[in-house]
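User: Hi! Could you walk me through this model? I'd like to start with the aromatic rings.

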Amino acid sequence: MIFSLHVIDGPYSKQSNLSALRFCEAALIKGHRIKRVFFSGDGVLSGSDLAVTPQDEVDLYKAWQSVATDHQIELVVCVSACLRRGVLNVTEAERYEKQNHNLSDAFVLSGLGQLVEAGLESDRLITFGG
């Protein structure tokens, strides 16, 4: 089965971000495919390359990057949600004349069309958070 995930909540604000990661890992172990994980709302904070997780907590930032790299899963963050929350890639930082960028290289900045496409090309689109 092909799944796509929609993650709305931030990494440590609610349980749903971790639940999405655990679902993704479990689905892969069972032999399913994850087409795309789309982050919107505070979920886009998962793409920050500057956040530091305390040593006694699950590092969701690195965990998402690892699962994407290990299984060739596309991690997409919503551009409008990112702009509102100060999560920028190089292109957007230059466009808005910001001195720095902080979007991890494991994430792609794009629009809601990527979420729609994921839903159309997957057997199931599952939303975490809201």
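Analyst: Happy to! Buried means under 20% relative accessible area, exposed means over 50%, and partly exposed is in between (1.4 Å probe, protein chains only). At 9% relative accessibility, F3 therefore counts as buried. This is a predicted model, where local features need pLDDT of at least 70 and side-chain atom pairs count only at pLDDT 80 or more, while totals for chains, interfaces and linings use all residues. Residues are numbered from 1 along each chain as its sequence is written, and side-chain values use heavy atoms, leaving out hydrogens and water.

User: How many aromatic pairs are there?

Analyst: Five. Rings of Phe, Tyr and Trp (its six-membered ring) pair if their centres lie within 6.5 Å; planes under 30 degrees apart are stacked, over 60 edge-to-face, the rest tilted. One of the pairs is F3 with F23, edge-to-face at 5.1 Å centre to centre and 90 degrees between the planes. F3 sits in strand β1 and F23 in helix α1, 20 residues apart; helices (H or I, at least four residues) and strands (E, at least two) are DSSP runs, numbered from the N terminus.

User: And is F23 buried or partly exposed?

Analyst: Partly exposed, because its relative accessibility is 25%. F23 also pairs with F128, tilted, at 5.9 Å and 50 degrees. F128 lies in strand β5, 105 residues from F23, and counts as buried at 13%. Ring pairs link F3, F23 and F128 into a cluster.

User: Switching topic: what order do the strands take in the sheet?

Analyst: The open sheet runs β4-β3-β2-β1-β5, with parallel pairing (two strands pair if DSSP finds at least two bridges between them). β4 (107-110) and β5 (124-128) are at the edges with a single partner strand each, so one side of each has no neighbour in the sheet.
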